[in-house]
Amino acid sequence: MKTVKGPGIFLAQFASSEAPFNSLDGMVRWAARLGFKGVQIPSWDRRLFDLERAAESQDYCDEVLGLVSGVGLAVTELSTHLQGQLVATHPAYDIAFADFAPVELANDAKGRQAWAVQQLTWAAKASQRLGLTAHATFSGALAWPFFYPWPQRPAGLVEEAFAELARRWIPILDVFDEAGVDVCYELHPGEDLHDGATFERFFDAVDEHKRANILYDPSHMILQQMDYLGFLDIYHERVRAFHVKDAEYRTSARSGVYGGYQAWIDRPGRFRSLGDGEIDFNSIFSKMAQYDYPGWAVLEWECCLKHPEAGATEGAKFIKEKIIRVTDRAFDDFAGGGADAEKNRKMLGLA
């Protein structure tokens, strides 16, 4: 069995224009002081990381690795959540997502999509140069405006959406395969891949591509009222990245899983700092150990109540205490005996 690596921290929610959060050097030193062992780097934030340069230069990647390892940390994964979103975007969201790409592409949807594909291609090569085996991203969405079937969806609409999603992602998955890196889609409302059923549909559409995998985040499952523990029983072979994020769902007579257009603090389902929500992380980490999860446990902090730095400080300790150091022997070995075929047959009454 494998012991989960961690704790790691996703830097995206903490990056800002103020030190130490405006440079990779400052952020890894801050993370190390809190007790983290790894950092997941948002590849779109040039204050922290130059994705194009990383794809082209081993020297630059070695500098990044040296900077991170110099304070006792490791790079867990790169993230292209923003770029992955633009691989497939319904026109209804063109304006909302325009800021995810360079300003010169603000009115060029096709240009943004091509830019996103290039970004993912660079991310594959950069991950390879950094010695990483997993990559965190979003799938994007073509069918999301039609997630609730009213008016009734015309026959074939969803099938065509996933066929097109697969056409766009298969070449990217092939590039990651050449680099030896798994693409881990965070299953997230707003993405066409937002639960197990939609991942299965996509997995079939990409011909079960071995690089098509899952970033497991139980917070997005509890807000959809899913069985997030049973999910691991079904899909553990495809889980290759893990965001440790807490959440709660408080049943309401006024609103449900859609949230009623309310602010996060007023929604029935809301994200919380680790330990403040209702997710059963003891059981999650037990299942991760049981199923030999090979990767990192990475804090993704989101909370509508607590200060982010408090959430990070508490989160490092929380994850460290939940990680199970797996056993290297059976607990009842003291009462066991060696293998003896003749003895076994006698015990069964066969000899």
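Me: Which helices each supply at least two residues of the lining of the second largest pocket?

Reply: The general idea first: rolling a probe the size of a water molecule over the atoms shows where empty space is left. In this predicted model, the helices that each give at least two residues to that lining are H4, H5 (94–97) and H6 (109–129). H6 has the largest share, with 4 residues.

Me: How much space is in there, and which residues sit closest to the centre?

Reply: The second largest pocket holds about 220 Å³. It has 14 lining residues, and Thr89, Asp94, Ala109, Gln113 and Arg168 are the closest to its centre. Sorted by class, the lining splits into 7 nonpolar, 3 polar and 4 charged residues.

Me: OK, now the largest pocket. What volume does it have, and how many residues line it?

Reply: Its volume is about 1200 Å³, and 49 residues line it. Nearest its centre you'll find Trp144, His188, Pro189, Gly190 and Gln224. If you'd rather think in elements, those giving two or more residues to this lining are helix H4 (81–87), helix H7 (157–179), helix H8 (196–205) and strand E9 (269–272).

Me: Let's switch to helix packing. How do I read a pair like H7 and H8, and at what angle do they pack?

Reply: Two packed helices are described by the angle between their axes and the distance between the axes. For H7 and H8 the angle is about 60° and the axes are 9 Å apart. The two are therefore oblique to each other. Their crossing is right-handed. On the H7 side the contact is made by Val158, Glu159, Phe162, Leu165, Ala166, Trp169 and Ile170, and on the H8 side by Thr198, Arg201, Phe202 and Ala205. That contact has 8 nonpolar, 1 polar and 2 charged residues.

Me: What about H1 and H3: how do their axes cross, and which residues make the contact?

Reply: The axes of H1 (residues 24–34) and H3 (residues 58–69) come within 9 Å and cross at roughly 30°. That angle makes H1 roughly parallel to H3. The crossing here is right-handed. H1 brings Leu24, Asp25 and Val28 to the contact, while H3 brings Val64, Leu67 and Val68. By class, this contact has 5 nonpolar, no polar and 1 charged residues.

Me: Last one, the backbone. Which peptide bonds are cis, and where do their prolines lie?

Reply: For this one, read omega. A cis bond joins alanine 19 and proline 20, with omega about 5°, and proline 20 lies in the loop between strand E1 (5–10) and H1. Another cis bond runs from tryptophan 150 to proline 151, with omega near 0°. Look for proline 151 in the loop between strand E4 (134–137) and H7.

Me: And phi: what value does glutamate 208 have, and where is it?

Reply: Glutamate 208 has a positive phi of about 55°, although it is not a glycine. You'll find glutamate 208 in the loop between H8 and strand E6 (212–216).

Definitions and conventions: Residues are numbered from 1 along each chain as its sequence is written. This is a predicted model: local features need pLDDT of at least 70, side-chain atom pairs count only at pLDDT 80 or more; totals for chains, interfaces and linings use all residues. Side-chain values use heavy atoms; hydrogens and water are left out. Axes are lines fitted to C-alpha atoms, for helices over the stretch in contact, and angles run from 0 to 180 degrees between N-to-C directions. Angles under 35 degrees count as roughly parallel, over 145 as roughly antiparallel, 65 to 115 as roughly perpendicular and the rest as oblique. A crossing is left-handed if the near helix is turned anticlockwise from the far one by less than a right angle, and right-handed if clockwise. Contact means heavy atoms within 4.5 Å. Ala, Val, Leu, Ile, Met, Phe, Trp, Tyr, Cys and Pro count as nonpolar, Asp, Glu, Lys and Arg as charged, and the others, Gly among them, as polar. On a 1 Å grid over the protein atoms alone, a cavity is a set of points where a 1.4 Å probe fits but cannot get out, and a pocket is an open set with protein on both sides within 12 Å along at least five of seven lines; lining residues have an atom within 4 Å of a point. Grid points are joined across faces, edges and corners, and a volume is the space filled by probe spheres set on the points.
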